[in-house]
Protein chains: 2
Amino acid sequence: MHWYKGNSSCVLLPENTQQISSILSHCYKRKLAVVPQSGNTGLVGGSIPMHDEIILSMKKFTKNFELDSTSGILECDSGFVLEEVDNRIAKEGYMVPVDLGAKGSCLLGGVVATNAGGIRLIRYGSMHANVTGLEVVLPNEQGQILRLGSPLRKDNADLHLHKLFIGSEGQLGVITKVFMQVVPRPLSVHSALIGVNSFEKCQQILKIGKQMLNEIISSFEFIDGESMKMVKENAGLDCPLSILSNFFLLIETSGSNEEHDSSKMDKFLTKILESGLAEDGVLAKNASEADQLWKIRESCPLAIRKDGYVFKHDFSLPLKYFYELPEAVRKQLNGKAKRIISFGHIGDGNVHINVSIPEYDQKIYDLLYPFVYEWVYSKGGSISAEHGIGHVKRTFHHNLVNPKIREISSSIKKLFDPKGILSPYKMIDF
Amino acid sequence: MHWYKGNSSCVLLPENTQQISSILSHCYKRKLAVVPQSGNTGLVGGSIPMHDEIILSMKKFTKNFELDSTSGILECDSGFVLEEVDNRIAKEGYMVPVDLGAKGSCLLGGVVATNAGGIRLIRYGSMHANVTGLEVVLPNEQGQILRLGSPLRKDNADLHLHKLFIGSEGQLGVITKVFMQVVPRPLSVHSALIGVNSFEKCQQILKIGKQMLNEIISSFEFIDGESMKMVKENAGLDCPLSILSNFFLLIETSGSNEEHDSSKMDKFLTKILESGLAEDGVLAKNASEADQLWKIRESCPLAIRKDGYVFKHDFSLPLKYFYELPEAVRKQLNGKAKRIISFGHIGDGNVHINVSIPEYDQKIYDLLYPFVYEWVYSKGGSISAEHGIGHVKRTFHHNLVNPKIREISSSIKKLFDPKGILSPYKMIDF
């Protein structure tokens, strides 16, 4: 995105836990700041050195990898690229439950540290649902190595401390090993795109989809008409439906039986088309057609950059406010934006609203912020659904959150990181 | 179980959050100890007053209950009985994802506070997979009311502090409101019991089951031959299979399509019977036959009490050690027990080994403890899979766990409960 320019004159690339322990112990003693860095794919500057922090890159931390193919528990070092983890376990019929655009470059430890969500959370849950334990190294005198949680699916023998590290953005300790459950790889995948003329109907279709597609739903994605127009103009991708609807839903099922899954998807599509909830719909006949549908969805965050400068957002909202947000932003900007598009994971309440302008304009910035964060907060939403707080949202976050919660988070940081050397100037205060 | 006799001369039954806040503020100022109590169904004494603690019963805390039927997010007070929650949301086609023997009396807040597991964890995950946020009241000067997490499925705008309360056994604060996702209620449920002659084959069947039954597996339970004999002798329940195998697996599927689910289950049973992995098998033809199968499994922990005194255990183990445990205990007790039975949730690695003797005998106790805890720990297992630590396992737990982890847990307790008044003498040190 070229939004950040980091400052660091030192990048370390440890290859084992003991090296990380020594580094953190040394940095603790000399009070040197360190920022752990995984695939460097984040959008909120969480892994960027803000001043002169030492970068602790996890890219070479890829030694241990072990899958118990009966229990489906994976133990592996945090430096593996997400897609590589997925490819390795595919041989045993398993799949990593989390899937996101950056899978080809993000590292597993970074996915855990940011609790990254992605397109299949509706089916498999967040990292909290799948990570059973972690090995972490603390930035204290000994560079202490701790195993928190375990590789066991059920373990209630302690406070669930590893949960604190999921979504901690690397500010409590360095995640070195991940214990997680992986899921059976689907043998049958179907994707369909439907056009819908009101947001009310999108919600009804979501409810019917959850009932009729039930155990095989794996994605329920949302693309508004403005996004579809943008994808056509900026990326030359044609919508395969004949009508340009106000809204589009991209629905994916994953299951173990081709015939059963086809039958469920057919019945669902027939129902929503015949009842008039959907205006039009297309079911991908093969993997190549499915790829075409997904290309439209995946182009949304990327193709808009062609417009010039893009304000990107990652909010969660109660569904009733999901599409009131773009309308509120349109009103606020009153024609001053080139484009306001909205897409995301409607099944999870996660909306990515993007605002494009020809080039950066402080006046537009001032109209947008803090307006949009306050609006989301006032509706009971979250200003960070899946991309975290990092450096970018720090000030807004601090102004909006209950001070007692900040105080507790800060005290917890001090417990793990007594001198505050790990990833300073980010989500958690020291 | 009549294992515990609590000491308390005061039971409070608050009906709203403000009352709990006032109680905790008052108790903080006067340094009075308080123990929150939900359904009082625990097995480790977590909700029992050990000395003169005031009991804060949550039984009347049942005012707010709201389901968003589109998003499937439930917001409700923590005092509802689990089964009542399930019945209420059934009308909208939803189900509570956690199911356990005590569902008719345990309260939702207690299920969260103990991270109770149960029989469907293999499908729906633990409370961490389903609880998105909590309202809690802290035992501090103001009796502070905090909302941690949110009713949103994706929310990464903070440390995930509510996760600390899941499994905290009521030692950090009083859980007053639960935000959780609920799941579509299955329209088709099938149960089968199979007999298997080796534990190695049980593991192979689990692996095949996860592939072939995939998205519809909802339980994968284990009953050993000794348990089956005990259920016959103590509860008069006949095994519906013709051979008394060494092991039995009770497998349940839950899905949305009767025909599809039947077909998957038939193919699975045919495969494991024809390949010789299973000795015999029976598929319940209707709900009444399914109830008969489940009655066998559910009688295991209860019917053994007829033997006299029962040492009960709740361990998680890596699967390769799952059935080495009863063998190790048999060797250790060398014929001194009346019965050693083993049953549990093999799909989650959770084994409940029960040892019965005619009446309590300190010599047997001394042979069992700390031997059995140390054995489990040495195999990378957990001494508390789903029942927690409470008071009963406190000493063993403290001897086995890494002291740094105890130190961190203790510091976290002090953050939330500065005077240590909440549920003392339990899992977390003050």
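In this predicted model, Pro370(B) lies in the loop between helix H12 (362–368) and helix H13 (371–378) of chain B. The peptide bond from Tyr369(B) to Pro370(B) is cis. Its omega is near 5°. Now turn to chain A. There, the bond from Tyr369(A) to Pro370(A) is cis, with omega near 5°. Pro370(A) sits in the loop between helix H12 (362–368) and helix H13 (371–378) of chain A.

Another loop of chain A holds a backbone feature. Asn334(A) has a phi near 50°. That is a positive value in a residue other than glycine. Find Asn334(A) in the loop between helix H11 (324–333) and strand E17 (339–345) of chain A.

Next, look at how two helices pack. Two packed helices are described by the angle between their axes and the distance between the axes. Take helix H8 (residues 225–235) and helix H10 (residues 287–303), both of chain A. Their axes come within 9 Å and cross at roughly 75°. Angles of 65 to 115 degrees count as roughly perpendicular, so H8(A) and H10(A) are roughly perpendicular to each other. Which residues of H8(A) and H10(A) meet? From H8(A) come Ser227(A), Met228(A), Met230(A), Val231(A), Asn234(A) and Ala235(A). From H10(A) come Ile296(A), Ser299(A), Cys300(A) and Ala303(A). By class, this contact has 7 nonpolar and 3 polar residues, and no charged ones.

Charge matters elsewhere. Side chains of opposite charge can pair when their charged atoms come close. Over all chains, a search of the whole structure finds 40 salt bridges. One of them joins the side chains of Arg120(A) and Asp99(A), at 3.3 Å from N to O. This pair links distant parts of the chain, 21 residues apart. Arg120(A) is in the loop between helix H3 (108–114) and helix H4 (121–124) of chain A. Asp99(A) is in the loop between strand E6 (94–95) and H3 of chain A.

Gln144(A) leads toward the other chain. Its place is in the loop between strand E7 (131–137) and strand E8 (145–149) of chain A. Gln144(A) and Ser21(A) are 123 residues apart in sequence. In space, they are 6.5 Å apart, C-alpha to C-alpha. Leaving aside residues up to four places away in sequence, Gln144(A) touches Val136(A), Val137(A), Leu138(A) and Lys404(B). Note that Lys404(B) belongs to chain B.

Now take the interface as a whole. In chain B, Lys154(B), Asn156(B) and Leu159(B) lose the most area to chain A. Together they account for 13% of what that side buries.

The rule finds 6 salt bridges between chain B and chain A. Lys207(B) forms a salt bridge with Glu92(A). Their closest N and O atoms are 3.7 Å apart. The chains also share 36 residue pairs in polar contact.

Note on methods:
Residues numbered from 1 in each chain as written. Chains lettered and ligands numbered in written order. Predicted model: local features only at pLDDT ≥ 70, side-chain atom pairs only at ≥ 80, totals over all residues. Heavy atoms only, no water. Buried area = accessible area lost by both parts, 1.4 Å probe. Salt bridge = Lys/Arg side-chain N within 4 Å of Asp/Glu carboxyl O. Polar contact = N/O pair within 3.5 Å; in protein donor to acceptor, adjacent residues only side chain to side chain. Axes fitted to C-alpha atoms, helices over the stretch in contact; angles between N-to-C directions. Helix = DSSP H or I, 4+ residues; strand = E, 2+ residues; numbered from the N terminus. Parallel < 35°, antiparallel > 145°, perpendicular 65-115°, else oblique. Contact = heavy atoms within 4.5 Å. Nonpolar A, V, L, I, M, F, W, Y, C, P; charged D, E, K, R; others polar.
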